[in-house]
Amino acid sequence: MQTDKLHTVYLSLGSNIGNRRRLIKDTIGLIDKRVGKVIRQSTLIETEPWGFTSPNRFLNACVACKTRLSPHEILVTTQEIEKKMGRRKKSNNGEYQDRTIDIDILLYDDVTIRESGLTIPHPRMKEREFVMKPLREIYPDIESF
């Protein structure tokens, strides 16, 4: 259900297989076309995998968009983008695994949602430096949120 009002959504991006830099760049382009105008983009940071073991390091970034989409529409759209970019599964038997691209919804205006399949603000973002470092770059006031 699109609205007339523009909302601000913050998304986290990560990739640790394939041409990571290109995958993130192309994903940001799809976000700009399908979710909303990308108004801020962090630099890329390289990090170790979190929550699982892999020899493949991640590239991570955050973007802010202006959107008319609802949080649920953003979730569906970002999952479609992940599939288009080669993403198959979030986990294998409950354990994280390598991925071409991962998109997480971090914040949507000042909305709080606690539902099965969608929690905003993202419940583990503050314990993940690979999310917080690029997010602070584009949203310096995040600590007061």
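So, secondary structure: the chain has 3 helices and 9 strands, where helices are DSSP runs of H or I with at least four residues, strands are DSSP runs of E with at least two, and both are numbered from the N terminus. This is a predicted model, where local features need pLDDT of at least 70 and side-chain atom pairs count only at pLDDT 80 or more, while totals for chains, interfaces and linings use all residues. Residues are numbered from 1 along each chain as its sequence is written, and side-chain values use heavy atoms, with hydrogens and water left out.

Reading along the sequence, you get β-α-β-β-β-α-β-β-β-β-β-α. The radius of gyration is 14 Å, close to the 15 Å from the globule rule for 145 residues, so the chain is as compact as a globular protein of that length. For the record, that radius is taken over C-alpha atoms, and the rule is 2.2 Å times the number of residues to the power 0.38. Along the principal axes, the C-alpha atoms fill a box of roughly 45 × 30 × 30 Å.

Now, burial. Of the 145 residues, 48% are buried; buried means under 20% relative accessible area, exposed over 50%, and partly exposed in between, with a 1.4 Å probe and protein chains only. As for contacts, meaning heavy atoms within 4.5 Å, take the ones between residues at least 6 apart in sequence: 67% of those join residues at least 24 apart.

Let's look at helix α3, residues 129-138. Which of its residues are buried? Phe130, Val131, Met132, Pro134, Leu135 and Ile138 are. Their cover includes β1 (7-15), β2 (37-41), β3 (45-47), β4 (58-67) and β7 (102-108).

Over in helix α2, residues 71-84, we have threonine 78. Threonine 78 counts as buried because its relative accessibility is 2%. If you skip neighbours within four places in sequence, threonine 78 is in contact with Leu11, Val35 and Ile103.

Phenylalanine 52 is in the loop between β3 and β4, and it's buried too, at 11% relative accessible area. The C-alpha atoms of phenylalanine 52 and glutamine 97 are separated by 6.7 Å, with the two residues 45 apart along the chain.

On to the cysteines. How many disulfides does the structure hold? The count is 0, using the criterion of two cysteine sulfur atoms within 2.5 Å.

A couple of backbone details for anyone checking torsions. The peptide bond joining isoleucine 120 and proline 121 is cis, with omega about -5 degrees. Proline 121 is in the loop between β9 (118-120) and α3. Then there's aspartate 109, in the loop between β7 and β8 (113-115). Phi of aspartate 109 is near 45 degrees, a positive value in a residue other than glycine. Aspartate 109 counts as partly exposed, at 25% relative accessibility.

Last up, charges. The mean positions of the 25 positive and 20 negative charges are 4 Å apart. Lys and Arg count as positive, Asp and Glu as negative, and His and the chain ends aren't counted; each charge is placed at NZ of Lys, CZ of Arg, CG of Asp or CD of Glu.
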